[in-house]
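I wanted a quick tour of this one before doing anything else with it. These are my notes, in the order I looked things up.

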Amino acid sequence: MDKIRADVIVIGAGAAGLRAAIEAASMNQKLKIALISKVYPMRSHTVSAEGGAAAVIKEYDNLESHAYDTVKGSDFLADQDAVEAFVSRAPMELKNLEKWGLPWARDEQGRMAARAFGGMSVKRTFFAADKTGFYILHTLFQRSILYENIERFDEWFVTSLIVENNRFKGLTAIDIKNGTFHYFEGKAAIICTGGIGQLYKTTSNGAINTGDGMALAYRVGAPLKDMEFVQFHPTGLPGKGLLITEAARGEGGYLLNNQNERFMKRYAPEKLELAARDVVSRAIFNEIKEGRGFKGKYGDYIGLDIRHLGKDVIDKKLPTVKEMAEKYAGVNPYNELIPVRPTMHYMMGGVHTNKEAETPIAGLYAAGEAACVSINGANRLGSNSLTECLVFGSIAGYNAARFALEHDYLEVSKEEVTREENRIFDGLIKKENGIPPSDILYELKDIMEEKVGILRNGKDLEEALSSIMKLKERFKQVSVTDKSKTYNTDFIQILELDFMLDVAETITYAALKRKESRGAHYRVDFPKRDDEHFLVHQLVYKSEYEPRIELLPVVITKWKPTERKY
Ligand SMILES: Cc1cc2nc3c(=O)[nH]c(=O)nc-3n(C[C@H](O)[C@H](O)[C@H](O)COP(=O)(O)OP(=O)(O)OC[C@H]3O[C@@H](n4cnc5c(N)ncnc54)[C@H](O)[C@@H]3O)c2cc1C
């Protein structure tokens, strides 16, 4: 078995991972950085981000306004010190990308152009057509190649972290290309493994978003935070849930029900379609429930109207929206409504970190969608996530590099590695005639969609939790038919399913315990926000039987919680 050593190990090569690796590598050229990704970096989910990235760059804007919009969007659950740190660093990160070659869209004067986005009180979302994620990822990837001290492990899958006395010391990974098993010793590691959209039947997320990093950290004792907050984006295409970006509404598109009514005026009289996502998603859900949706082969839907924007705006600013509407919904958006309904989109919760991107385990950091700082609280504003990946990716990279300079390697023992090797190769891959993993996966997605979705209640959550526990038991019986070592994706999917079951349990458990409605977490049995009891983060820890919850106060600096209206 092969041992690899690196000062800093970055797990994940999306926006957060690449940004972290660049920062760590440039901080000290002598540090060796290992960048591990289960897919080729350009296939990370960041590539599909469309709408843009938020920051205060325009002269009409200010940091206070970006911070307040974020705090209000979070339904006052975000930590305000973290939000202030985030907004003040955001402009530098976007300008940096420009220096590294990102072709931001321009206004008539040739300056970076900004567009409107939900919950943002002024235009502060910077974009490159509606392919912003592609350009961000491309720019970061190209930049990362300049650093000779970054060594890439593309198509390697991390299976476990190794921690001793609350200090990170290594991890195990499989090289997917040939199925070989390896272990790494590292002084520090950064989890940048993205979200977990695949837990739901309808999602805008790529197939790789299976929450691996959240489960990896949870299993070695790091708590997960704000897990009950799962964001549904208002405008997914019916069926699989592919995303029609919020930029379509940012550019002036609006929503119509089957009475040809612009119904958002009843739910958010001021902001209409540009209210926060949880508000718009619930409004659509409600219109459909009350029979005001259009009938379609994938269930009822609402119409997104961009016809009035005209061919020029659509072609120039929303080419992906047009392409998706034509290819995947069979409509021509120049003169037809685009069918939409909410789709699972983003995970507000994740590995608990402070604003230095440190987890409670020494030497272990997290950033991007896998982490929870928390700047998003109960609901993230669109276009804050790409910026969050950059800001906290760079903070994590710097701090992990500093930690590596101040500490030595700890030795990983042969037994620790063999135990994991046996779990995987003897326990999982050799088993014959078991249950196909897809049986469990589809059942899990159904449970999450129906019982842990947009509207929740105690009874459904209890049922969901007990079903997930049963699925975890049944998981012990799964087996793969394909036993080959080369690109055995069936086998990798079993490992991902194992991670997803753990994370599903934490989401459902935290949702059950939060007996109030806040942001994306809506309890029909507790429809009001309850600041007296629940203005707190829930930290979920793994324990022997059911998860254990600890409460953490929300950091409030300037903005007292008030009723949230749009
Ligand atoms: C369709 C879509 C559109 C979006 N549009 C916007 C937008 O316009 N603006 C905005 O701000 N946000 C947007 N978001 C959200 C935002 O894009 C994501 O939150 C962000 O890109 C996540 O980046 P990340 O670096 O955290 O993770 P990702 O880009 O998801 O990368 C995860 C990385 O982790 C690696 N990985 C995972 N597990 C393992 C493992 N076990 N072993 C090894 N490697 C592993 C993967 O290979 C990958 O490289 C959008 C999201 C979606 C799905």
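**Entry 1: the ligand shell**

First, a reminder to myself that this is a predicted model.

The side chain of Ser44 has an N or O atom 2.7 Å from an oxygen atom of the ligand. For His45 I looked at the backbone: a polar atom there sits 3.4 Å from a ligand oxygen. Leu386 also comes in through its backbone, with a polar atom 2.8 Å from an oxygen of the ligand. How much of the ligand does the protein bury? The answer I noted is 99% of the 1,000 Å² that the ligand exposes when taken alone.

Then I checked which elements supply the shell.

**Entry 2: empty space**

Rolling a probe the size of a water molecule over the atoms shows where empty space is left. My search of the whole structure turned up 1 cavity of 30 Å³ or more. The space in the largest cavity comes to about 50 Å³.

Which residues line the largest cavity? I listed Val230, Phe232, Asp278, Ser281, Arg282, Ile454 and Ala520. Strand 11 (230–236) and helix 8 (277–289) are the elements that give two or more residues to this lining. Helix 8 has the largest share, 3 residues. By class I got 4 nonpolar, 1 polar and 2 charged residues for the lining.

**Entry 3: two sheets**

Strands of a sheet pair through backbone hydrogen bonds, either parallel or antiparallel. With that in mind I took a 3-strand sheet, which is open, has the order 3-5-4 and pairs antiparallel. Strand 3 (53–54) and strand 4 (114–115) are its edges, each pairing on one side only. Between strand 4 and strand 5 (residues 125–126) I found 2 bridges, and the two strands run antiparallel. I picked out Ala114 and saw that it stands opposite Phe126 in strand 5.

The order reads 17-15-10-20-21, and here the pairing is mixed. The edges are strand 17 (371–372) and strand 21 (548–553), each pairing on one side only. How do strand 10 (residues 224–225) and strand 20 (residues 536–541) run, parallel or antiparallel? They run antiparallel, joined by 2 bridges. Lys225 has Leu539 in strand 20 as its bridge partner.

Most residues other than glycine have a negative phi, and most peptide bonds are trans. I was after exceptions.

Where is there a cis peptide bond? I found one from Val373 to Ser374, with omega near 5°. Ser374 lies in the loop between strand 17 and helix 11.

Glu155 has a phi of about 65°, and its place is the loop between strand 6 (150–154) and strand 7. Asn165 has a phi of about 45°, and I found it in the loop between strand 7 and strand 8 (167–175).

Notes:
Residues are numbered from 1 along each chain as its sequence is written. This is a predicted model: local features need pLDDT of at least 70, side-chain atom pairs count only at pLDDT 80 or more; totals for chains, interfaces and linings use all residues. Side-chain values use heavy atoms; hydrogens and water are left out. A polar contact is a pair of N or O atoms within 3.5 Å; within protein, one must be able to donate a hydrogen and the other to accept it, and residues adjacent in sequence count only if both atoms are side-chain atoms. Accessible areas come from the Shrake-Rupley method with a 1.4 Å probe; for residues, only the protein chains shown count as cover. On a 1 Å grid over the protein atoms alone, a cavity is a set of points where a 1.4 Å probe fits but cannot get out, and a pocket is an open set with protein on both sides within 12 Å along at least five of seven lines; lining residues have an atom within 4 Å of a point. Grid points are joined across faces, edges and corners, and a volume is the space filled by probe spheres set on the points. Helices (H or I, at least four residues) and strands (E, at least two) are DSSP runs, numbered from the N terminus. Ala, Val, Leu, Ile, Met, Phe, Trp, Tyr, Cys and Pro count as nonpolar, Asp, Glu, Lys and Arg as charged, and the others, Gly among them, as polar. Two strands pair if DSSP finds at least two bridges between them.
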